[in-house]
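Okay, hi everyone, thanks for coming. Have a look at the screen, and then I'll walk you through the parts I picked out.

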Amino acid sequence: MDIETLRKKHPDHWRRATALRMLAIDAVQAANSGHPGMPMGMADVATVLFSKHLKFDARHPDWADRDRFILSAGHGSMLLYGLLHLTGSPDMTIDEVRNFRQWGAKTAGHPEYGHAKGIETTTGPLGQGIANSVGFAIAEEALRARFGQRIVDHRTWVIAGDGCLMEGISQEAIGLAGMQKLSRLVVLWDNNNISIDGKISLSDVTDQKARFAASGWTVLSCDGHDPDDIDRALTAARAASGPVLVDCKTHIGFGSPKKQDSAGAHGSPLGAEEIAVVREIYGWDYPPFVIPSEIKAEWEAIGSRGSAAREDWEARLAALSTARRAEFERVMRREAPRKLSAVIRALKKQASEAGPKVATRKASEMVLEVVNPTMPETMGGSADLTGSNNTLTGDLGIFGPTNRKGRYIHFGIREHGMAAAMNGMVLHGGLRPYGGTFLCFTDYARGSMRLSALMGAPTVYVMTHDSIGLGEDGPTHQPVEHLAICRATPNTWVFRPADVVETAEAWELALTSASTPSVLALSRQNLPTVRKAHTAKNLSAQGGYVLAEATGKRQAILMATGSEVEIALKAREMLEAEGIGTRVVSMPCMELFAAQPEAYRKKVLPAGPVRIAIEAGVRQGWDRWLLGERGREAKAAFVGMEGFGASAPAPRLYHEFGITAEATVAKVKALL
């Protein structure tokens, strides 16, 4: 539908949609940075969605049973900010809109979770939003099954662009959603046929509608500039029995004579001269950032349209039993049950006394066997490595179209999609997801793992087969650089526990984290119990601690993680036998150790003794503890990997690469 017809047939809609367009145009121009074309093109779809279909209350943007709106095409962030401002969301003032992309503003260049209520997830890296939405929809299904439809009954709506659909993660997401028959998930495709380089045909010939249909989605279409046709399609989408794609055919930069339907509208301001022409075409006679009071009132009425539904929901929640209401509120707050710490302590005591020799992936399973019955909000899964990751416990059941009470998801070989979906579950609220694959394949999940950290989403990544210790599968599967990569990511806890006790402590920290994701790097090979004296205190919470003290004058400090703690303890025995006093420090989490007070770190790593770090990975990350923190290069060394691994049994690999107690002893003596 062209502008002249749209203005004539739908004058009220046109005014509201134009207000949305102009906020985007003016904000991008003021910032001299941004993407005006997408909001100009999708304003009609967004206006119909918010006016007639989205269940929300703008004054209460964190209402638990609201529909979730995800702007996967995050470059069009001003569309979201404009919607939040116009509908009356308290966080999104006109000053925030004016300060688009400026220091300290909630209106970041791409939507960032936590900056303002109503921003459901951080988007911008294309494909992440649509993949997050699968997790949001899974969370809605799971919580509806647990608490009932009177408490949980909402949809997830997504606006995605051509770029989102070209990213490989989109196929992982839509394949999973189609298999799961997620009937409360609707993706609105901004089909404008333009990317930064130009026409989509420059790089892609995919029949997107056929792709979605082949993945089990219902596919609908509409004229993205015809309010009646949009309404028809969205109404049909709500009645579908599975996930829905709505192909919304739009014009990027709608109404701009020079930039409509071109890459010129994608990533730069229209320019003052073109904006003046567009204002005339739109019939918008108001200065930048000025919204006439009657149009703002119409939008605020849309924003309050869901207030009655929210009040009814609050009454239903209040009518629940005290215990059931408290449980719903607890899981939505991401608050662990009080008895979790007692369960963890009991397992630690049992492990210290029994001294099992098991792989830490098995130790993780042992922890989950007591945690999952204690925390009904956990949702486990694996990227087709369930038997290797040890992530499925007997009480969970499989989540699927016929069992929404199941708490385990077979993600298939979709590491990136799994990670993004888990982020969506965390952000939705009510679930504590964890998912497994091999540590080496964090490479495939990296984009979403980074966003976990950026958003402060405490997603748990169970990464097994954490070193050359996995053996015969060889260097394609043996991680050497991956611990360093994970540790280099801000706001990420990387745990590499040495035994059952440290594994239990790591899980307790991961499941009680409020805003930090965790990576649990777990061994394939069996490891002895090294924490033989039970302590109620979570020592791993300190990041590093003295595991074994020197019996005489302290001359050496051996630092190690995971499977190499055993090597450090053996080296200590050899050194002590020769009269060289040796302390062993277990370092299950460098990030937590770095966060400890200086006095504690100084106590664990005092000046004087030589220092050796032992880890079956690359050295990056260790120099702070070897050379800094009162250490010095002349008295420090590293026992670990300098390149890739090889295919052979694990003991042979450790010998060939020199990661042994004997090599450690030799380095200590050389430094002394």
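Let me start with a quick one: is Asn 193 buried, partly exposed or exposed? Asn 193 is partly exposed, with a relative accessible area of 28%. For those cut-offs, buried means under 20% relative accessible area, exposed means over 50%, and partly exposed is in between, using a 1.4 Å probe and protein chains only.

Before I go on, some ground rules. This is a predicted model, where local features need pLDDT of at least 70 and side-chain atom pairs count only at pLDDT 80 or more, while totals for chains, interfaces and linings use all residues. Residues are numbered from 1 along each chain as its sequence is written, and side-chain values use heavy atoms, with hydrogens and water left out.

Back to Asn 193. You'll find Asn 193 in the loop between E3 and strand E4 (194-195). By the way, helices (H or I, at least four residues) and strands (E, at least two) are DSSP runs, numbered from the N terminus. Phi of Asn 193 is near 65°, which is positive although the residue isn't glycine. Most residues other than glycine have a negative phi.

Lys 181 also has a positive phi, near 55°. Lys 181 sits in the loop between H8 and E3, and Lys 181 is partly exposed too, with a relative accessible area of 48%.

Buried residues in H8 include Ile 169, Ala 173, Leu 176 and Gln 180.

Now, the sheets. Which order do the strands take in the open sheet of 5 strands? The order is E1-E2-E3-E7-E6, with parallel pairing. Two strands pair if DSSP finds at least two bridges between them. At the edges are strand E1 (68-71) and strand E6 (218-223), each pairing on one side only. From one strand to the next, the twist averages 20°. Axes here are lines fitted to C-alpha atoms, for helices over the stretch in contact, and angles run from 0 to 180 degrees between N-to-C directions.

Inside that sheet, strand E3 (residues 185-191) and E7 run parallel and are joined by 6 bridges. Asn 191 has Lys 249 in E7 as its bridge partner. Helix H3 (residues 37-53) lies across E1, strand E2 (156-161), E3 and E7, at about 150° to E3. Contact, for the next bits, means heavy atoms within 4.5 Å.

Leaving aside neighbours within four places in sequence, Leu 188 is in contact with residues including Met 42, Val 158, Leu 234 and Val 246. Leu 188 is also among the residues with the most contacts inside the largest nonpolar core, which has 66 residues. A nonpolar core is a set of buried Ala, Val, Leu, Ile, Met, Phe, Trp, Tyr and Cys residues joined through side-chain atoms within 4.5 Å. Helix H2 (residues 11-31) gives the largest share of this core, 11 residues. A second, separate core has 63 residues, including Trp 313 and Met 449.

Next, the open sheet of 6 strands, in the order E9-E8-E10-E11-E13-E12, again with parallel pairing. Strand E9 (408-410) and strand E12 (493-495) are at the edges with a single partner strand each, so one side of each has no neighbour in the sheet. Strand E10 (residues 432-438) and strand E11 (residues 460-464) pair over 5 bridges, and Tyr 434 is opposite Val 460 in E11. Helix H19 (residues 442-455) lies across E10, E11 and strand E13 (518-522), at about 155° to E11.

Last stop: why is strand E17 (residues 610-614) described as largely enclosed? Because 5 of its 5 residues are buried. Val 610, Ile 612 and Ile 614 point one way, with Arg 611 and Ala 613 pointing the other way. E17 is joined to strand E15 (residues 554-560) by 5 bridges, and E17 pairs with strand E18 (residues 636-639) over 4 bridges, both in the parallel sense.
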